[in-house]
Amino acid sequence: MVPVSVALDDAERRRLGETFRALCRIPSPTGSERGVADWLTAELGALGLAVSEDDAGRAAGADAGNLLVRIPGRSERWIVLCAHMDTVPPVAPLEPVLSGGGYQNAQPGILGADNKAAVAALVEVARRYAHRPPPVGIELLFTISEETGLHGAKAFDVARLNARMGYVFDHATPLGEIVVVSPTYMRIRADIRGRAAHAGLHPERGVNAIVAAAAAITALPQGRLDAETTANVGLVSGGSATNVVADRCQVECEVRGIDPSRVDSVVTQSVDAFQDAADGAGCDLDIQLERMFGGYRVRPGEPTLVLAERALSDLGYTPRRIISGGGSDANALRLAGLEVMNLANGTERAHERTERVSLTALEDGLALALNLVELA
């Protein structure tokens, strides 16, 4: 049975649905979060809450910054709850509809439930406690540019927070799952430079960068390398026309893994593959390596983990500790010294044209956030 202190009434359920639909209708692909940021600022401001915006947009290349809202509580303890405002690019108009017990886009495209289901829940947390102090202070953090590398969370100054612990609601799996292990993520960008020539008149004068890239790609480690490590080639671009020997080719790939030393080893192997292929073809090579985020492993008795498991159990869920191949703002915030946990938010088929979130998951996601506040 849901604890009485966090049970949602009909008005809260109705408002949650309205808030979620309103947020989903606002396009906010990474870098273009201004519409959602302005909507949140207006809605939360109308509750009498001060919304502060940082300058993370400058570092992230976005048109808005991270938003922070503070609700003082009855004790000196604080908890931070975090969700990101951006989505992957919409490929169709955004028209959220309730069908078959869940929300989906009436058009063939993403819904935006990743992560607006969580954003909506945090707005409703603010509505509940705006005029009646919560048991602990609440800091609501709405970040930008999560989808392309956690840039908003990485640029956020955690020294601004009173809280030293909290939760991110950004794992698109069934409620009850808790990410206790998350990987280190390295991005590799290889720029291969050959020599252009007319492909019909003097092809022997050219050095084809695309051919060199193809040789490198066939030698790269790919797919699931072991139980904890993956590698993928995601983007290839180059050339200018079919009658020109291509003098440029760019390849972007990634390596993810739980063991940082294993990640480093695979990255080294990948760089060597690019260098060998470039040398063999007579091309020049520039390599850029970027650590998108660091991994983490939660201690079994960490207070945030214990609290999350109790909160989920109170709501009738069986807590499940999982290892994830993906990252979230929790990676960046933990690296900055904040003890945060990433929790599943119930979104289904995130980033797909059939993305969906059930009404039960949406409402229980709010109940979970409220229960974490009550128990903290």
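Serine 145 lies in the loop between strand 6 (137-143) and helix 5 (151-155). Helices (H or I, at least four residues) and strands (E, at least two) are DSSP runs, numbered from the N terminus. The model is predicted: local features need pLDDT of at least 70, side-chain atom pairs count only at pLDDT 80 or more, and totals for chains, interfaces and linings use all residues. Residues are numbered from 1 along each chain as its sequence is written, and side-chain values use heavy atoms, with hydrogens and water left out.

Serine 145 is buried, with a relative accessible area of 0%. Buried means under 20% relative accessible area, exposed over 50%, and partly exposed in between (1.4 Å probe, protein chains only). Contact means heavy atoms within 4.5 Å. Leaving aside residues up to four places away in sequence, serine 145 touches Thr30, Gly31, Glu33, Ala60, Ala62, Asp86, Leu150, His151 and Gly152.

The chain as a whole contains ten helices and 17 strands. Of its 376 residues, 53% count as buried. The C-alpha trace spans about 80 × 45 × 40 Å along its principal axes. For 376 residues, a compact globule would have a radius of gyration near 21 Å; the chain has 23 Å, which agrees. This radius is taken over C-alpha atoms, and the globule rule is 2.2 Å times the number of residues to the power 0.38. Among contacts between residues at least 6 apart in sequence, 79% join residues at least 24 apart.

Two strands pair if DSSP finds at least two bridges between them. Strand 4 and strand 5 pair over four bridges. Serine 99 has glycine 102, in strand 5, as its bridge partner. Two residues lie between the strands of this hairpin, where glycine 100 takes a positive phi near 60 degrees. Strand 5 (residues 102-105) pairs with strand 17 over three bridges. Glycine 102 also stands opposite serine 358 in strand 17.

Helix 8 (residues 303-314) has twelve residues and, at 1.5 Å a residue, should span 16 Å; its end C-alpha atoms are 16 Å apart, which agrees. The expected span is 1.5 Å times one less than the number of residues. Buried residues in helix 8 are Thr304, Leu305, Leu307, Ala308, Glu309, Ala311 and Leu312. Their cover includes strand 7 (165-171), strand 8 (177-182), strand 15 (320-323), strand 16 (339-344) and helix 10 (359-375). Just after helix 8, glycine 316 takes a positive phi of about 90 degrees.
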